[in-house]
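Here is a short report on aromatic rings, charges over rings and a strand sheet. Please look through the structure below before reading on.

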Amino acid sequence: MTITPKGNLLVGQSGGCTTVMNASLVGVIHEALKHKLISGIYGTLHGVLGILNGELVDLQAENPSTIEGLRLTPAAALGSCRYRLQPADTAKVLQTLNDYSVRYFIYIGGNDSADTAHKIAQLAQQSGYDLRVIHVPKTIDNDLPLTDHCPGYGSAARFLAIATQEAGRDTEAMARSDPIKFIEVMGRNAGWLAGACALGKRTDEDAPHLIYFPERPLASNKLLTDLEMVYRRLGYAVVIVPETLRDEKGQPLGTVSETRLKDAFGHPYIVGVASRLCRLVTDELGLCARWDKPGTIQRMSMTCVSSIDLEEAYLTGQMAVRYALEGHTDRMVTLMREPGPAYCCTTALADLAEVANSERPLPDAYLNAEENFVTSAFVAYAQPLLGSPLPQYVRLRKFCLPRLTD
């Protein structure tokens, strides 16, 4: 029989920040306060780097109203990092955990953070150190395997859906001068965010009109053919492209950043795909094309937070503590969608060994046959994650006056 140890809980945040990352942190803290087996609740500053540098903080010393306020505060209150644990770090990690009597470690993050949590769990097991490690999923990319979706995605999807609606109206209004608009979105190697841009579309006139995906290479002549067809029909077009879009040879259409070639986990920084495509359209079709790139604001805009996302981020934090106290370790909290017409999610667990450094691409069933838009199956999947209904914009019917003769 496994004996649940009494000791301190340590929580950290890692990877790209999201709108609801702190809601998960609050869920961890609130749940930990309920259990006598948890003596202290500590935070590690800037993820695993805080463990290595001895930068830990006492979260119980904070005003409860401040902790509660974190629910509606974006980004990572403890600070984040992108750091891959090295073999030389193992002794320091164990020493810090032991020095502070940490028996429960909760790590909030994405694919690479799952790798860090997995390594720490394995290290503790190999060293005979009694430690429960639970990973709380977080990524706007929505590409973690074994979970229906990831906290952070719903809010980023909502932001992009609304931004695309509004960019479409602007492009429609400016069609006589700037008829083509590219919107460059995040998503690394998965098209979940690109697809989300379609969630506000109601009519053929509404943006977006074309969406391309990192899972599918794009030939320049296909883009130009697709775009010309939309332009002839409507007189304008809004096109969604991921920052990692590749050509038919598998090469990035953007360029690798000269200043930061790769992050600590080997992911290259790609820039400039939308601007390059604008030049292509202008050169080949003679149409004025502009581009927008929301950048990091798409992952942390509290203005567009999804109520569902907030609730589920808090829930995954709560459940991480409960699962740890039940004796689970080296696991990730997952969200499991219940069958039925009404949206409902419960939680479960997945082995971190199956999550770490893995990616879940957009399924084929979510892409149309032309590979330039999403299907109704994708809309049915993603729509509930947005929370409250999106804005409903209208159009004038434009009843024309008769032309006056000379």
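The report takes the aromatic pairs, then the charges over rings, then the sheet.

This is a predicted model, where local features need pLDDT of at least 70, side-chain atom pairs count only at pLDDT 80 or more, and totals for chains, interfaces and linings use all residues. Residues are numbered from 1 along each chain as its sequence is written, and side-chain values use heavy atoms, with hydrogens and water left out.

**Aromatic pairs**

The structure holds seven aromatic pairs. Rings of Phe, Tyr and Trp (its six-membered ring) pair if their centres lie within 6.5 Å; planes under 30 degrees apart count as stacked, over 60 as edge-to-face and the rest as tilted. Two of the pairs share Y381.

| Pair | Centre to centre | Angle between planes | Type |
|---|---|---|---|
| Y366 and Y381 | 5.6 Å | 35 degrees | tilted |
| F378 and Y381 | 6.4 Å | 45 degrees | tilted |

The Y366 and Y381 pair links distant parts of the chain, 15 residues apart. Y366 lies in the loop between β13 (345–351) and α11 (376–382), while Y381 is in helix α11. Helices (H or I, at least four residues) and strands (E, at least two) are DSSP runs, numbered from the N terminus. F378 and Y381 both lie in helix α11. They are three residues apart, about one turn of the helix.

Are these residues buried or exposed? Y366 and Y381 are both buried. Buried means under 20% relative accessible area, exposed over 50%, partly exposed in between (1.4 Å probe, protein chains only). Y381 has a relative accessible area of 7%. F378 is at 0%, so it counts as buried. Ring pairs link W192, Y366, F378 and Y381 into a cluster.

**Charges over rings**

R71 lies over the face of Y314, 3.9 Å from the ring centre. The charged end of R103 sits over the ring of Y129, at 4.6 Å from its centre. The criterion is NZ of Lys or CZ of Arg within 6 Å of the ring centre and within 35 degrees of the ring normal.

**The sheet**

Four strands form an open sheet in the order β7-β8-β6-β11, with parallel pairing. Two strands pair if DSSP finds at least two bridges between them. β7 (210–211) and β11 (289–292) stand at the edges. Each has a single partner strand, so one side of each is left without a neighbour in the sheet. Six bridges join β6 (residues 180–185) to β8 (residues 237–242). K181 stands opposite V238 in β8.
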